[in-house]
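Please view the sequence and the structure together before reading on.

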Amino acid sequence: MEQVATKNYIIDFDSTFTQVEALDILGEIALSDHLDKEERLAKIKAITDEGMNGSLTFRESLVKRLEILDAHKKHLPLLVKELKGKVSKSFRYNKEFFSSHSDNIFIISNGFKDFIVPIVAEYHVKESNVFANSFEFDAHGNIIGFDETNNLSVNGGKADQIKKMNLSGDVYVIGDGYTDYEIKAAGMANKFYAFTENVERDNVTEKADHITPSLDEFLYLNKMNKALSYPKNRISVLLLENIHPKAVELMKEEGYKVEVYPAGLDEDELCEKIKDVSILGIRSKTQVTARVLENANRLIAIGAFCIGTNQIDLAACNKKGVAVFNAPFSNTRSVVEMAIAEIIMLFRKLVERSNAMHDGRWEKSAKGSYEIRGKNLGIIGYGNIGAQLSVLAESIGLNVFYYDLEEKLALGNVKKCNTLKELLNKADIVTLHVDGRPENKNIFRAREFSWMRDDAIFINLSRGHVVDIIALRDNILSGKIAGCAIDVFPEEPKSNANEFISELRGLPNTLLTPHVGGSTQEAQENIAHFVPNKIMDYINTGSTSNSVDFPNLQLPAFENAHRLIHIHENMPGVLAKINQVLADHEINIVGQYLKTNELIGYVITDIDKEYDKQLIKELRGIEHTIKFRVLY
Ligand code: NAD
């Protein structure tokens, strides 16, 4: 039988095992009471750099840094406490790797055992497997130097150390620094993996056999990842249409490989580009058609960094097992603030007054100007926007009424109307906040205007197709309606370069805005937070809450379990087949959640037992399976 070579793993400490350089943290602690702390820290940094670029030997730089540090034994427990919270993220969740290979994991560092040993011990790394320097103290406990006989305080010391250890088998080095690469350069390692989760240095990555943005990638490359889940750096994200930098930052922080495009892509370009993409981020211009989805074999989720999702073929996404997320409430407050502003502007005829001034006319008069206090506001559509508007409107003294097709909880003292006619008979201001369902086309026509009070004002910030524009124009011109504010239109120009054509142009006390109700910097930033978080939650836990196309499942956190995520065509009997496969493998189900929509079934199964590739193969092979993945 072929003998499998033992594998030894050499891991660096500073900026690899932990996210930071320990001496920098020790400096912060030891110098916290020193008035010249900043100067000294800057000096330490300069010396570290000199050490790195070779103008000082490593030992010289260490001696100089310790001199400036002024550290004491009593600082070390504080340092250890701090470092415990700074272990690299991917090391923390791959703790099992350390416990199952504890004989063959070695920490070789130019740092100090005094703080390394207590940190790595929590990861089952043996003290005898830690090779690093040791501090020397004076009689008062001050750190005055280090054991100079240790070759880890000199350049090239790491390779010498490994030579001395005389390891049998293969040697894999994981580290962020040039001294880690030197082990391979000296012929003492089979492979060098540049670890870039915390810092990335060009002179190191260009020498590496592999770049590993996290320990996941190392484990994946070496077929050692316990579960079959995928390293995050292999999840490629394509963000189109100039998506807010905050979203880019969040997804990079999560460890994804992110590619950003300022513009949209047309169908052919997207068909090509989508082939390697796991997560696609778009705004309103990019059309995600069935043809695009045919090419999207790696796609897990789409983020619509906007409110509407008409640009996405949602049924085709379902069939492909692609979850779609948008940002339905991120601009609610922006729309509400605009509605309040417009109510006041219309009651005071501010647009007319301002236009007259621009024409050189001074029209000082109280005629036709009213306070909004005590007026009746009628909200049609008491959803996210309608409900929030009611709260703000009440607080500035309006009496609020609403009408909704569905039973809704009335907030504050807001009163419900049972019919649209009842609401229109009461309201001095009518404001539309219904959704864009096709049945809402022209729900506001001549008849509805005739039910309104004389001299009432009318606002539509919802969807263009809900109002019959000609009827609105007639009612403004006849003087029945005292004014209106319209932000959305049955036909809107495709871009800022096209002319706005509408029967409403030039009408009196008519405030027209180019669909900007939700367009604020705050809303953009909210969207940039909301959508990536929903997607990351879906990838990490399977939760589909707020998904536009998937059955919505809000899942409990899972600990000490594996989570199997199964997406299938909605056919009878699939759940039974999943459970049969699990039973055949004598696997106990800890929790199971199922929800379906017309097209697909979404099943989450938490199991508490190790599973093997055969189980996964059988689950994937169940008839009508669309997608399957495992989380751990
Ligand atoms: P929502 O889905 O939370 O609320 C819509 C409410 O309207 C629901 O309660 C629904 O039951 C009710 N409704 C639907 N049809 C109705 C009808 N015919 N009569 C009475 N009630 C009806 O939506 P939301 O987040 O509050 O958004 C409301 C509207 O605002 C949407 O059309 C949205 O597209 C639009 N919007 C516009 C802008 C903008 O820039 N102008 C920005 C954001 C949202």
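## Two residues and their setting

Apart from neighbours within four places in sequence, leucine 432 is in contact (heavy atoms within 4.5 Å) with Ile380, Phe444, Phe458, Ile459, Asn460, Leu461, Ser462, Val466 and Val467. The model is a predicted one, in which local features need pLDDT of at least 70, side-chain atom pairs count only at pLDDT 80 or more, and totals for chains, interfaces and linings use all residues. Residues are numbered from 1 along each chain as its sequence is written, and side-chain values use heavy atoms, with hydrogens and water left out.

Leucine 432 belongs to strand β17, residues 429–432; helices (H or I, at least four residues) and strands (E, at least two) are DSSP runs numbered from the N terminus. Is leucine 432 buried or exposed? Leucine 432 has a relative accessible area of 0% and is therefore buried, the term for values under 20%, with exposed meaning over 50% and partly exposed in between (1.4 Å probe, protein chains only). Glycine 386 lies 46 residues from leucine 432 in sequence, and their C-alpha atoms are 8.1 Å apart.

Asparagine 331 sits in the loop between β13 (323–325) and α17 (332–347). With a relative accessible area of 12%, asparagine 331 is also buried. Beyond its neighbours within four places in sequence, asparagine 331 is in contact with Ile307, Gly518 and Ala523.

## The whole protein

The protein contains 25 helices and 24 strands. Its radius of gyration, taken over C-alpha atoms, is 33 Å, well over the 26 Å from the globule rule for 632 residues, so the protein is more spread out than a compact globule; that rule is 2.2 Å times the number of residues to the power 0.38. Along the principal axes, the C-alpha atoms fill a box of roughly 100 × 70 × 45 Å.

Of the 632 residues, 49% are buried. Among contacts with a separation of 6 or more, 62% join residues 24 or more positions apart.

The domains, whose bounds come from an automatic or database domain assignment, are listed below.

| Domain | Residues |
|---|---|
| Domain 1 | 7–221 |
| Domain 2 | 235–325 |
| Domain 3 | 332–519 |
| Domain 4 | 560–630 |

A distance of 50 Å separates the C-alpha centres of domain 3 and domain 4.
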